Protein chains: 2
Amino acid sequence: MGKNLTSREQDYSKWYNELVVKADLAENSAVRGCMVIKPYGYAIWEKMQTELDRMFKETGHQNAYFPLFVPKSLFEAEEKNAEGFAKECAVVTHYRLKNDEDNKGKLIVDPAAKLEEELVVRPTSEAVIWNTYKNWIQSYRDLPILVNQWANVVRWEMRTRLFLRTSEFLWQEGHTAHATKQEALAETKQMNDIYAEFAENFMATPVIKGAKTENERFAGAEETYCIEALMQDGKALQAGTSHFLGQNFAKAFDVKFATKEGGLEHVWATSWGVSTRLMGALIMTHSDDKGLVLPPKLAPIQVVIVPIYKTDEQLDQISEVANQLVKDLRTKGISVKFDNRDTQKPGWKFAQYELQGVPVRLAIGPKDLEKGTVELARRDTLTKEFVEMNGVVDKISALMEEIQEALFTKAKNYRDEHITEVNSFDEFKEVLKKKGGFIAAHWDGTSETENRIKELTKATIRCVPFDRQEEDGACVLTGNPSKGRVLFAKAY
Amino acid sequence: MGKNLTSREQDYSKWYNELVVKADLAENSAVRGCMVIKPYGYAIWEKMQTELDRMFKETGHQNAYFPLFVPKSLFEAEEKNAEGFAKECAVVTHYRLKNDEDNKGKLIVDPAAKLEEELVVRPTSEAVIWNTYKNWIQSYRDLPILVNQWANVVRWEMRTRLFLRTSEFLWQEGHTAHATKQEALAETKQMNDIYAEFAENFMATPVIKGAKTENERFAGAEETYCIEALMQDGKALQAGTSHFLGQNFAKAFDVKFATKEGGLEHVWATSWGVSTRLMGALIMTHSDDKGLVLPPKLAPIQVVIVPIYKTDEQLDQISEVANQLVKDLRTKGISVKFDNRDTQKPGWKFAQYELQGVPVRLAIGPKDLEKGTVELARRDTLTKEFVEMNGVVDKISALMEEIQEALFTKAKNYRDEHITEVNSFDEFKEVLKKKGGFIAAHWDGTSETENRIKELTKATIRCVPFDRQEEDGACVLTGNPSKGRVLFAKAY
């Protein structure tokens with residue numbers, strides 16, 4: 001396997017694809033637009049799942065599971081939602097294959113096994129879930145319902161890219177039901193905050209929290225909150241969304257509850273999700289031309305130990321020290337691999353673990369044993385140093401936090417340097433072209449202007465940041481009045 | 001909600017369905033044959049997943065994820081496998097819906113969006129996975145591959161029952177690739193042993209390990225090992241299977257590897273799976289006419305505390321004691337819920353937790369506070385006693401193990417009492433009719449006889465037990481020679 005990657009400068013998009021495949025994260029499959037998530041990539045996703053699942057449960061949510069299929073009549077019940085997803089959905093029409101009598105050994109769809117009603121493979125589960133909630137909710141005592149689902153969904157994307165946009169992807173989708181608008185809005189906000197916390201504390205990916213404009217909202221939502229991250233090529237990536245659905249789904253599926261006061265009202269809803277797309281965000285936030293760079297908190301292997309030896313006797317001596325180190329590191333909760341395979345040379349292993357983003361690499365040779373040292377290499381800075389074996393466990397333990405923080409700081413500095421305020425459309429276009437990143441500009445609040453800017457520049461409004469300053473200004477395109485800046489960017 | 005269940009004696013099947021729904025485990029959905037797994041049921045499944053996943057990883061397996069869809073050409077590549085699943089598969093034929101111009105607001109399948117090649121929703125993933133392994137395997141150095149996937153699968157079942165047989169279900173499917181037949185056979189056995197260990201140690205469900213006859217084998221397998229459990233109605237339930245696939249899939253997908261010796265050989269394969277069907281086995285092994293009975297190791301709530309009070313002051317006093325108890329129990333790793341809701345009466349709560357199978361219930365009233373006691377009720381034996389508050393934590397801690405063991409022993413006694421050796425076909429039929437359970441009988445080893453017995457009695461050969469005694473005998477139907485007894489039963 002050739003380990004050298006195309007550099008980011010040469011071809012960013014090619015660099016990304018090569019990295020994903022060569023670092024054993026994922027690959028394309030025989031099924032158009034669907035990927036195989038390989039064990040190493042899946043191990044990172046599992047770490048993400050574990051942390052997110054814990055955060056959901058700590059805020060009172062429970063997991064459940066709803067059907068993969070949505071009967072067409074349910075799918076079309078909430079009109080905007082249906083409109084948003086109808087164009088890209090996989091449809092099951094038959095439930096049997098039969099032998100092709102004209103072509104022995106081949107199977108064909110059995111026309112006698114046509115479904116009475118077509119089934120849509122879920123692109124999202126609001127329809128099937130609200131049709132279920134209808135039976136779960138009678139009175140205010142049944143509320144709130146705080147449910148999450150880990151599942152696969154299918155959206156028939158025409159142009160796909162590993163992790164970033166695939167026809168099938170894995171995600172979690174929370175679906176909650178509330179007695180009041182206020183409570184549903186608070187839930188929408190809470191979950192967006194949880195996503196931000198996860199992105200920053202675990203992925204070491206700084207994000208901006210804000211609201212989507214009407215154009216960019218989830219189909220069927222009244223508000224979409226989001227977290228927006230910035231990739232190294234200056235493009236934004238929407239990393240998570242949380243939707244306030246108002247009473248739209250409750251009305252579409254006739255879900256009412258008896259209030260404490262004896263009335264009958266439609267239920268308020270939210271939904272929120274993050275997906276395997278986060279893997280793309282993680283990769284593109286930190287990685288370099290040598291390969292993946294992983295924050296320690298999400299690294300399946302945090303430390304790798306490579307023995308440098310010529311004789312079996314040397315390997316035995318090194319192994320003794322290495323095995324003790326493995327034990328000590330594990331006691332500290334650090335995941336460590338001792339790679340004593342004799343089928344590969346140390347240089348090959350070094351390159352491999354660099355490619356796979358293992359945060360810390362230790363190399364131990366006969367001279368180290370003599371001197372009581374070990375060579376420690378940091379993946380994020382690509383620096384090496386000899387350290388005393390004595391105390392190396394504490395050093396590594398501290399280094400895990402240090403690396404986690406360093407990655408976040410570096411990404412945050414990059415991101416902050418790439419938020420540019422502009423006050424004219426010429427400036428807008430120039431910054432977008434030469435520098436990229438987020439452009440903070442005044443906008444007149446109309447979809448028309450937003451669409452026009454998109455046509456002219458391919459930049460979209462990523463969000464109206466929650467923490468923006470109120471500020472009178474003139475729309476960068478129309479000159480019409482604006483109350484504050486929004487963030488534009490080209491986006492994944 | 002009416003809590004009274006139909007009794008098992010009255011109508012076992014109805015009892016089961018009512019229990020599943022009323023205990024909040026699962027319910028039918030709007031999608032034919034597909035279920036909704038409700039939060040309480042899903043929490044049990046999550047506990048199962050956690051333990052199984054740990055056992056898989058401890059034996060060197062890694063998780064990965066493969067596409068939901070199988071292109072028809074891959075699906076039909078392994079002929080026997082295709083034949084086995086073609087009759088009951090969901091087929092995606094289109095990738096878009098469009099507005100029905102004759103019927104405003106309705107959607108129809110867009111005929112312009114017909115797929116060139118139909119996609120089968122995976123009923124099992126051998127085809128898609130072996131098509132992938134083809135690219136992963138070149139030499140003996142790439143072997144073994146030890147991969148597992150947690151996923152949903154779809155088999156278009158005509159008669160469905162919650163958890164036991166549903167069109168969509170959740171499962172794990174292990175798919176391994178090996179250099180030798182011996183190694184693949186050892187893996188097949190190891191995974192069947194892990195399933196048995198899980199069933200007995202966690203589900204408290206005794207199982208018999210054995211091999212399936214050719215008739216009952218997985219489509220495409222050369223050997224199917226299984227674990228067979230016995231339900232309270234005398235019917236057997238296949239709880240897990242592990243397949244030795246020989247080189248069938250390697251041949252169908254042309255997967256060869258360079259041997260150490262410089263040859264080129266087809267790879268050896270196994271696959272193994274357990275599904276949400278285990279939920280059905282768990283329910284039917286232990287539960288009674290009051291509802292679910294859960295072994296402590298899989299109970300989402302192991303202990304529930306119910307306060308008995310009339311005044312707010314009493315509730316405050318009880319809460320103080322209860323909250324301390326909650327803390328102490330959690331320190332011991334016991335999951336506990338203090339149900340201080342004032343919307344429900346104690347009697348309602350008692351019935352609810354009985355229905356949901358919480359292993360231990362504590363009730364604390366004002367008199368208990370005076371006396372320093374607490375009322376402790378065991379779900380499995382339906383017994384109650386007053387115990388000293390002092391030391392109750394240790395008592396409960398010990399009780400968790402005691403209940404776990406008691407459930408296993410009870411189920412094992414029942415199972416052992418329901419293995420009957422018979423030596424004539426009349427006896428066979430009588431035992432099957434009057435007693436049920438496993439019938440240990442001689443069989444001449446032919447599919448013909450097996451089929452005939454099935455036609456005559458609806459009993460099938462559940463397995464050829466691994467631990468059966470070699471014993472010369474005469475087939476119970478034909479009188480032809482047999483080398484040992486096999487186990488027949490009616491089965492789920």
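Predicted model: local features only at pLDDT ≥ 70, side-chain atom pairs only at ≥ 80, totals over all residues.
Residues are numbered from 1 along each chain as its sequence is written, chains are lettered from A and ligands numbered from 1 in the order in which they are written, and side-chain values use heavy atoms, leaving out hydrogens and water.

Let's begin with chain A. Its domain assignment gives domain 1 (12-286), domain 2 (301-399) and domain 3 (419-489); such bounds come from an automatic or database assignment. The centres of domain 1 and domain 3 of chain A, taken over C-alpha atoms, are 29 Å apart. Their contact (heavy atoms within 4.5 Å) takes 17 residues from domain 1 and 17 residues from domain 3.

How much area is buried between domain 1 and domain 3 of chain A? About 1400 Å², with carbon and sulfur atoms giving 61%. Buried area here is the accessible area (1.4 Å probe) that two parts lose on being put together, summed over both. On the domain 1 side of chain A, I208(A), T213(A) and N215(A) lose the most area to domain 3, together 35% of what that side buries. The count between these two domains is one salt bridge, meaning a side-chain nitrogen of Lys or Arg within 4 Å of a carboxyl oxygen of Asp or Glu. In chain A, R462(A) and E228(A) meet in a salt bridge, at 3.1 Å from N to O.

Now for the helix pair. In chain A, the axes of α2 (residues 39-58) and α8 (residues 277-286) come within 10 Å and cross at roughly 105°. Helices are DSSP runs (H or I, at least four residues), numbered from the N terminus. α2(A) and α8(A) are therefore roughly perpendicular, a label for angles of 65 to 115 degrees. From α2(A), G41(A), I44(A), W45(A), M48(A) and L52(A) meet L278(A), M279(A) and L282(A) of α8(A). Chain B has the corresponding pair, with α2(B) and α8(B) crossing at roughly 105°.

Last stop, the two chains together. Chain B and chain A each bring 63 residues to the contact, and the area buried between them is about 5200 Å², 67% of it from carbon and sulfur atoms. Four salt bridges are found across this interface. K106(B) and E76(A) meet in a salt bridge, at 3.6 Å from N to O.

Technical notes. Axes fitted to C-alpha atoms, helices over the stretch in contact; angles between N-to-C directions. Helix = DSSP H or I, 4+ residues; strand = E, 2+ residues; numbered from the N terminus. Parallel < 35°, antiparallel > 145°, perpendicular 65-115°, else oblique.
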